[in-house]
Structure formats: structure tokens, C-alpha cells
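Please examine the sequence and the model shown below.

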Amino acid sequence: MRVVLAEDNVLLREGLVRLLAEAGVTVLSGVEDAAALLADVGRHRPDVAIVDIRLPPTRTDEGLRAAREIRRRHPGVGVLVLSQYVRVSYTVELLDGGANGVGYLLKDRVTNIAEFTEAVRRVGSGGSAFDPIVINQLVQRRAGEDDPLHALSERERTVLALMAEGRTNQAIADRLDIAERTVEKHGTSIFTKLDLTASPDDHRRVLAVLRFLNA
Amino acid sequence: MRTVAAVVLAASFLAMSAVAWRKHPGSRVGLLAAAIGVLVLLEPMLPGPERVVAAGWATVLIHLVAALPSGRLGTPAMRLVVALAYLNTVAMMTALLPRELVKEVGTLVAVLLGAAVLGMQWMRWRRTSVPSRRSLTPVLAAAAVMVGLLLAGNPMWTPDASLLDMSVLKVGLVAVPLAYLATELRSRIERGGVADLVVQLGNAPEPASLQAALAKALHDPTLTVGHWVAESRRYVDADGHPVTAGGPGRVATRVDRGGEPVALLVHDPALLEQPRLIEAACTAAALALQNERLTADLRARLAQLAESRRHVLQAAEAERRRLERDLHDGVQQRLLSIPMALSVAESAIPPDAERARALITEAKDMSLAVLDELRALSQGIHPTILTERGLEGAVRELTVVASVPVRLTVELPPRLSAEIETTAYYVVAEALANVTKHADASRVEIRIVQVGERLVVEVADDGRGGADPEGSGLRGLATRAGDNGGVLRVTSPVGGGTRVRAELPCE
């Protein structure tokens, strides 16, 4: 797994490089602003670009805009956005080009090395990784009467939320302490209720997540 | 008949004297009138030769007419005439000449001197201004009648009738004190005019109407009011032109209050002869002008206060934004490097060092908890998403996490001050939080648009209404909007939805 990293705080950048190296991820370059990030992504074509949202010069949302730019210019490069805060509206923006190879996590998540490197690998191989905080905010908001999510059972919503975080069936099964086959059954039921039965399985999963996140 | 006439005449002069003493204690008018009254009463009671002493009242009357209206003899000529009149009376009493001759000649001299006084007063009347004519006219007219009667009744050509015994003449003389009393009464009424002025001025007059009101009350259409301007230390009129004391035939009266100059009245010198009237007018004007000045002062202070409050708010807003950035870019980032390093350490520990692993995990979790608290603190200091995305992005985030579908319209002006942006954000955040907590609504409409020089922030739901605008959240918002020069209105009829509308200044 090859990554390019953009983080303006030297201490954090060095920490991340060390942490990723420890987990066997190759860090091709670590830069401190969006322009350098776009240049290095173009040059190295990494599997994943890990991007902090507040980057110089204004330290507002340069990282987020760079992430969208990478997704537009290099559809094959996964983008994992990190931030001190996670926002639902940013998630929606990142999903603009589909749920493939995209992730958005609270910066704190890097301290769980196993989960974090797993998320990096998932984004790098075309999957997704969304922060539970964002997913919780979406789950907690009350779906309208005409919302298809309204038809889901409590359990199905939990499974869909974990899917939305980007987790595999196996990971969901482990988390909920149920058999993987049960997760698959919940999945089929969710796809039916969301009227996504005609699509191939992987794609349906992405569509379900999108439906969930854009609800 | 003679006695009755004498008593009536004496009583009228004594009444004049009483009024003059009360109204003008410093003036000699009262004393002279009293002397006339007493002498007129004494005259019929005295025996033959002494009667002539009492007859001196006619001379005192000449003195009185000469001294009107102030009680002082104004010119050397006037003093000379009055002195001659007294000399004539003394000559009459000493009887150096035959009695009959003395009486006739002396009386004639007295009448001529009286006519001279009247002539001099008439000259003065012609020179003088309207206000002072008003006080002289009645008395002079009465005196003219008296002199006319004296001349007509002179024993030199009417030898049968003794002049000073003429009862008719005495009754006619009553006209002099009566005229004086009438004048006094009118100046009282004029002070009533000043009372009206005070009432008029109480209704916050324009500087121009104050001048008009004073000119009317003082019967001087040429009167000019200069208002004291402390900064430039001079008097200016309503148009701001300087007003000076000078000018021929003009007199300036300063109006002060509490030792501070308030105004300058430039007017006809004749007004000085009515010190009471001008004093009353000045007091009234001072009250009005000081009131006006205090109001202007208060307004200036209020404007100053609002300005400084705005500065304080701006400074506080800038400080909060700076603090949020400093926390985010500094402490929060550095702090995060600690659990990161600890997690690397965690993975580097040999599998059998269970206790070390547990301690490291604990340290990591604690630093992450601190980071969480810091994040909440930073968010409370200033909404972080405003820093990242501005008002539109921040409101959009509020709408996507809202519990109710939201229709959002945002049309922002090109520039929006930081404190207005933050206030608008809090209006939407608080209103949406209320919708979630209380409204039971099925949809919400949010509009943030510029209307003229105001930014209108409106959050309207279709819920149950009945929101309490005095609830702490909405009251806090109203205070915040007010502090920033705006207003917040809450319309929430029961069953009719809730509309929170803020209008905030924007350029």
C-alpha cells in the first residue's frame, strides 16, 4: 500500500509517517500544503492520499477541496480525509463522485493503528471508511414518512450504519457478535426494502450506503 | 366734595406706591407716590399758612412723572427741571413776595416746569423702542391730561377758581396712578406670556422656534439667540453662524446656568428697562436650552456608547476566532501527537509486557479524552465550521443534520462582518434546535437574504407554535441581535408554526 500524506503540523506529519511505516504502509511523500499534495499525487499515483482538511495558506478547507480535486482528476487514487472535526455536509461533498475509494475520519482514529491501517487499505482498494460520529448523526436524525429508511428494522439500520462506515460483512459480524451469514441476510433484506434488488451485490452495497448518507 | 376728592386721590397714589414697592423694591417710584398720597391727605387738614407746605405734592408729582418708569432721573436736564420745581415750592413758602403774587407766579412756574418734564418725556418716548414705549405711554398720557387741566385752570386767567382747590382737577389726577397700575398689570400679563413660553419650550423646540418664541414673548422681533458651543467657545445661531454681542443699538444679555454659559440674547436695549421680563425669559430660555443641550449630549453619549459596544463586540469576536484557531492549530494538534506516539509504543511493546501495555493504553485513552474536551471547548468558543466554511457552509451543515427536512435559501452580501456572520449562525442554530426539541414540525424553511442594508435571517417551521420568546435561548438571541445593532422577532401563534426572524445590519 503506497500513500501520499498532506499534514501541515510537522509533529503530526512525522508521527503519521512513523505510525504508517510501523503498520507496513509505504509513505511516498509527506507534504504540508494542498498544492504540493496535488503535485505529488500526480507524480506518484499512490493508492491513497491522506489529507488534513485545514491546510495552508488560509487553514480553512483547502484540504477538502484538494481531496475533491484528486477524486475528479485521479479516479483510481483513494482519498482519506482526516480532521479534528467531522461534518455530515463534508461527507456528502466527498461522496459526490460515488462511494468508491473514499474515507473521512476523525484524526483521533489514527491512534488505533489496526483500525486505521485497515481503513487506509480499504480506501486504497476502492472501499470506503466513514467515521462513526458522522454515521451516528445520520442515524439519529428522524427519517421522514416518505423515506425508504423508515421501513428498516432497528437491526437493519445498525447493519446499514456499519456498512456505511465502510466495514465488510465479516467485520460487521464480529462487531455485532453474530454470524456472517446473518449479516448477509440483513443485507439482502435492506437492499430489497431500499428497492436495490436489480444491481450486482457490490454495487448495491455502495448504492445503499449512498442512499443512507444522502438521505 | 373737596374732602372726598382728596381722599380718592390720596388713596389712588397710596395704592400705586404699594404696588411699586412690591414690584420694584429698589425703585423710588413707591416713595414718591407715597409722599404724594400723604401730602394730598394732609392738605385740607392744615391751617392756612402751612397749607402751602402740603401743596408741595404737585412738585413731588412733577418729580414722579420725570422719574418714570425706572424711578431715576435719566438726564441732567431732567434733574435741573426737577430741582427748579422744588426751588419754586420753597420760594412760594418763604413768602418773600406778596402772597397773592407768590401764589399766582409760583403756580404758573410749577405748571410750566411740569409741562417741560412732559415735553422731555415725550422726546424720550419718541426715541425709545416699542417695549419701553409700552410702559411709558399710559402714565405720560395721564400726565399730559393733568398739565392740560393745570394750564386751563391757571388763576392768572381764571381768577375765580383757586387752582389747587379744584376738586375736578384732583379727580382727574387719579388717572396718573391708575395708568401706572394698568401698566404694571400688563407687565404681569406679559410674565404670564413668559409662563406660556416655558410651556412652549418644554416641547423640545427647534433652535429657530426658540428664537421666535422669545421674540414674541419679549415683543422684540429683532431678537437673536446665540447658542453656546463649548468646543469652539462661542455663540452660534440656529444655522451655525457666530453670534456676537456688538452692534449699535443692540444689547446682549448672557444666559448662564450653573455657572456655565448657555446662550446669548441680542436684543433692543429698551428691554433692559423690564429686567423682570427679560429675567423670566432668560430663565425659561436657559431651561429650554439646557434641556436641549442635555438631550443632544445624551444622544451623543448614546451614540458613543453604541459605537464602543460595537468595538467591544468586534474585538471579542476577533479574539474568539483567534482563540479557536490557536487551539486547533496548536494545542489540539500537538496533543494528538501524544496518543499517536503512545500507540506506536503500544505496538512496539513485547507481547509479554502486559502491565506496560495496559498503562500505555490508559495514558492514550486519557489523552484522547482530554482532546475530546478541548474540541468541545474550542467549538463553544467559536463554531469551528464558520472558520472553515463561512456562514453558508456552516448553515448547510446545520440543515443536513437537522431532524426535519429543511429548505434553505442563502443569498449573502459580498462582505459580511465576522460578528454578524456569527450572530446569524447562532440564530439558525438556536431556532433549529428549538424545532427539534419543541416544534413537532414536518418541515422548515430557512432564508438568509440581504434586504437593503439588512441581513434577514428567518427560520420558519410548520409545527405547533406557542414558543415563548422570553425563553432563555430566544432571549439570548434577541440580546445578541440587539448588541449587534439588529432586532429579533419571534412569531409563534399556537398551532400556527414558529417564525424566528432576525434583521442584522450589513453594508
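The model is predicted: local features need pLDDT of at least 70, side-chain atom pairs count only at pLDDT 80 or more, and totals for chains, interfaces and linings use all residues. Residues are numbered from 1 along each chain as its sequence is written, chains are lettered from A and ligands numbered from 1 in the order in which they are written, and side-chain values use heavy atoms, with hydrogens and water left out.

Side chains of opposite charge can pair when their charged atoms come close. A salt bridge is defined here as a side-chain nitrogen of Lys or Arg within 4 Å of a carboxyl oxygen of Asp or Glu. Over all chains, the structure holds 38 salt bridges. Three of them are listed here.

| Pair | N to O distance |
|---|---|
| R310(B) and E307(B) | 3.6 Å |
| D440(B) and R464(B) | 3.9 Å |
| E458(B) and R499(B) | 3.1 Å |

Strands (E, at least two residues) and helices (H or I, at least four) are DSSP runs, numbered from the N terminus. E458(B) is buried at 8% relative accessibility, whereas R499(B) is partly exposed at 39%. Buried means under 20% relative accessible area, exposed over 50%, and partly exposed in between (1.4 Å probe, protein chains only).

R310(B) and E307(B) both belong to helix α11 (residues 275-348) of chain B, three residues apart, about one turn of the helix. R310(B) is partly exposed, at 35%, and E307(B) is partly exposed, at 36%.
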